Amino acid sequence: MKQLFFAPACDCDQSLLMDCAYEGDRLRATAKSLGYNPVVPPKKGRIDPWEYDEELYRRKNEVERFFQRIKRFRRVFTRYDKLDIAFAGFILFAMIVDALV
């Protein structure tokens with residue numbers, strides 16, 4: 001069975017997986033002020049690069065692929081349901097079908 005959830009690798013409450021395009025100082029500072037640990041690699045030309053959790057950043061791909069697979073269900077990406085609970089129920093159904101297939 002696929003593991004969809006994983007624990008953050010830091011001591012903080014939550015990690016925020018960010019794309020390389022969002023590695024700016026202001027955005028990382030905003031994420032830290034909101035209580036997140038930004039996980040984004042520094043660009044190669046950075047004068048003062050920072051440490052980041054490489055294993056957690058590699059797992060970002062799994063999250064992106066999961067959302068790509070769940071978009072196969074037209075009802076999810078067009079959001080036909082009016083109630084949030086019905087939409088959440090269908091997302092759960094799509095996750096179960098994805099795990100079985």
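Tutor: To begin, residues 24 or more positions apart account for 34% of the contacts in the chain with a separation of 6 or more. Please keep in mind that this is a predicted model.
Student: How many helices and strands are there in the chain?
Tutor: The chain has five helices and two strands, in the order β-α-β-α-α-α-α along the sequence.
Student: Which residues of helix α3 are buried?
Tutor: In α3, which spans residues 60-70, the buried residues are Lys 60, Phe 66 and Ile 70. They lie on the same side of α3, because they cover an arc of only 120 degrees around the axis.
Student: And what covers the buried residues of α3?
Tutor: Their cover includes β1 (14-17), α2 (54-58), α4 (74-78) and α5 (84-100).
Student: New topic: how many aromatic pairs does the structure hold?
Tutor: There are four aromatic pairs. One of them joins Phe 66 and Phe 67 edge-to-face, at 5.6 Å centre to centre with 65 degrees between the planes. The pair of Phe 73 and Phe 90 is also edge-to-face, because their planes stand at 80 degrees, with the ring centres 6.0 Å apart.
Student: Where do Phe 73 and Phe 90 lie?
Tutor: Phe 73 is in the loop between α3 and α4, while Phe 90 is in helix α5, so their pair ties together parts that are 17 residues apart in sequence. Ring pairs also link Phe 73, Phe 90 and Phe 93 into a cluster.
Student: Lastly, what sits over the ring of Trp 50?
Tutor: That is the charged end of Arg 28, at 3.5 Å from the ring centre.

Methods
Residues are numbered from 1 along each chain as its sequence is written. This is a predicted model: local features need pLDDT of at least 70, side-chain atom pairs count only at pLDDT 80 or more; totals for chains, interfaces and linings use all residues. Side-chain values use heavy atoms; hydrogens and water are left out. Buried means under 20% relative accessible area, exposed over 50%, partly exposed in between (1.4 Å probe, protein chains only). Helices (H or I, at least four residues) and strands (E, at least two) are DSSP runs, numbered from the N terminus. The arc is that of the directions from the helix axis to the C-beta atoms. Contact means heavy atoms within 4.5 Å. Rings of Phe, Tyr and Trp (its six-membered ring) pair if their centres lie within 6.5 Å; planes under 30 degrees apart count as stacked, over 60 as edge-to-face and the rest as tilted. A charge sits over a ring if NZ of Lys or CZ of Arg is within 6 Å of the ring centre and within 35 degrees of the ring normal.
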